[in-house]
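Please look over the model below before reading the comments. The points are numbered for reference.

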Amino acid sequence: MGTANKICSLGRRIYRFAASVSGVIALFIILWGCTANDFNARAIAWKTYSNSRYGFEFPYPSNWTSLAAPANDDGMAFISSQDNSVEIRGWASQQLPNDQESVKKIKSNFKTAQGVSGVMVVEVEEPVSSMTLTLTQSQVKYYLQGRSKSQKFQDYYRLFYYIAQQYRISKS
């Protein structure tokens, strides 16, 4: 247990150093292992956003507020009740034919609990950092993004990651 704590502490120090360097783009795999075990999803009351146009859904904390829905009904954004600079945004779009070429070049590095493979990108930049999941099914690209101020990102990383794991696409 002591070794794991030392590694996690080192991971946080590396994270703080990287977060202080403007323009750093990285996947923080070390954070995934360190922070997943002390996040308790059962301690949070959840609601589920469902999108009928594209057939996807994801959970969000029940005390978060939804922003105005876009007219095209492609998704929804929610902001934290404690800090309105923290948001979760899920949306989808039709994939353009020339998009398929570039997507194939990026290897999937993430799998949802439903078993759908996708690409997870973590961008740590000033002033805002984000985690973006992209899933491609048939002719549709699905996105889930969690964003926060960079100095708070490590506090929300586990929440964003959990929501990404729970993202579901309806089988049509």
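Notes on the model

1. Of the 172 residues of the protein, 41% count as buried, where buried means under 20% relative accessible area, exposed over 50%, and partly exposed in between (1.4 Å probe, protein chains only). This is a predicted model, in which local features need pLDDT of at least 70 and side-chain atom pairs count only at pLDDT 80 or more, while totals for chains, interfaces and linings use all residues. Residues are numbered from 1 along each chain as its sequence is written, and side-chain values use heavy atoms, with hydrogens and water left out.

2. The protein has four helices and 10 strands; helices (H or I, at least four residues) and strands (E, at least two) are DSSP runs, numbered from the N terminus. Their order from the N terminus is α-α-β-β-β-β-β-α-β-β-β-β-α-β.

3. An open, antiparallel sheet is made of three strands in the order 1-2-10; two strands pair if DSSP finds at least two bridges between them. Strand 1 (46–51) and strand 10 (168–169) are at the edges with a single partner strand each, so one side of each has no neighbour in the sheet.

4. Two antiparallel bridges join strand 2 (residues 56–61) to strand 10. Here Phe 56 is opposite Ile 169 of strand 10.

5. Helix 4 (residues 153–166) lies across strand 1, strand 2 and strand 10, at about 150 degrees to strand 2. Axes are lines fitted to C-alpha atoms, for helices over the stretch in contact (heavy atoms within 4.5 Å), and angles run from 0 to 180 degrees between N-to-C directions.
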